[in-house]
Amino acid sequence: MTRVGLVDDDALVRAGLSMILGADPGIEVVGEAGDGSGAVELVHRHRPDVLLMDVRMPTMDGIAATKAVTALADHPAIIMLTTFDMDEYVFTALEAGASGFLLKDTPPTELIQAVHVVARGDAMLAPTVTRRMLSHFSQANPGSAPEPHAGLDTLTERETEVLGAVGAGLSNAQIGARLFMSEATVKAHVSKIFSKLDCTNRVQIAIIAHEAGLTAIDQPPA
């Protein structure tokens with residue numbers, strides 16, 4: 001059972017998140033807080049495995065709260081959940097120690113999946129955030145031509161196609177629609193790619209795809 005804490009200054013949002021997550025038999029919502037300072041207290045009192053943290057909150061915002069929580073021993077994984085996908089929020093949140101960054105319009109199934117992913121110790125970013133990360137990476141390394149990842153030679157043709165689609169920032173559902181596969185099959189391919197490339201999250205394999213020239217990151221997928 002994954003124990004989850006909810007931190008958002010909007011009680012209605014917290015209620016909605018609690019209803020969505022509570023529908024999963026493997027998730028238990030153990031506490032709520034209305035601002036960042038309450039998040040720290042929530043962690044001390046309820047010891048959640050995962051925190052869903054809003055960015056913009058009074059008293060102490062989500063970025064400051066993330067820094068405070070990740071400074072604690074045995075701290076929970078943190079997913080930033082916000083209506084804003086602005087670059088400064090993404091990079092600051094990840095630098096503060098967040099394990100994921102999702103938008104509040106993320107479908108319920110993907111939100112539940114994200115909780116399970118970060119509870120396992122992996123990272124989870126929304127596809128739009130992945131594209132921003134890759135654009136930032138490209139701008140920070142203009143004209144660079146790194147050596148292709150050695151594990152690329154071990155990928156099948158289909159796995160290479162999936163790798164390129166991940167690099168373009170597509171979700172599993174979008175990849176399935178584009179490559180005419182079921183979402184379960186896409187998930188299986190992504191899992192094999194993680195293993196063969198020795199990666200733990202989609203950002204890492206997306207960067208490998210970009211470095212190998214398998215995707216055009218400046219052209220968002222249709």
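Predicted model: local features only at pLDDT ≥ 70, side-chain atom pairs only at ≥ 80, totals over all residues.
Reader: Where is A77 found, and which residues does A77 touch?

Author: A77 is found in strand 4, which spans residues 77-82. Leaving aside residues up to four places away in sequence, A77 touches D49, V50, L51, S99 and V118. Between the C-alpha atoms of A77 and T66, eleven residues apart along the chain, the separation is 9.5 Å.

Reader: What makes the packing of helix 7 and helix 9 parallel, perpendicular or oblique?

Author: Helix 7 (residues 157-167) and helix 9 (residues 183-197) pack at an angle of about 90°, and their axes are 10 Å apart. Angles of 65 to 115 degrees count as roughly perpendicular, so helix 7 and helix 9 are described as roughly perpendicular to each other.

Reader: Which residues meet in the contact of helix 7 with helix 9, and what are their classes?

Author: From helix 7, R158, E159, V162, L163 and V166 meet H189, V190, K192, I193, K196 and L197 of helix 9. The residues of this contact comprise six nonpolar, one polar and four charged.

Reader: How many cavities of 30 Å³ or more does the whole structure have, and what lines the largest cavity?

Author: The search finds two cavities of 30 Å³ or more, and the largest cavity holds about 40 Å³ of space. The lining of the largest cavity consists of L6, V7, D8, L17, L52, M53, D54 and L81. Strand 1 (2-7) and strand 3 (50-53) are the elements that each give two or more residues to this lining. By class, the lining has six nonpolar, no polar and two charged residues.

Terms used. Residues numbered from 1 in each chain as written. Heavy atoms only, no water. Helix = DSSP H or I, 4+ residues; strand = E, 2+ residues; numbered from the N terminus. Contact = heavy atoms within 4.5 Å. Axes fitted to C-alpha atoms, helices over the stretch in contact; angles between N-to-C directions. Parallel < 35°, antiparallel > 145°, perpendicular 65-115°, else oblique. Nonpolar A, V, L, I, M, F, W, Y, C, P; charged D, E, K, R; others polar. 1 Å grid on protein atoms, 1.4 Å probe; cavity = no way out; pocket = protein on both sides within 12 Å on 5 of 7 lines; lining within 4 Å. Points joined across faces, edges and corners; volume = space filled by probe spheres on them.
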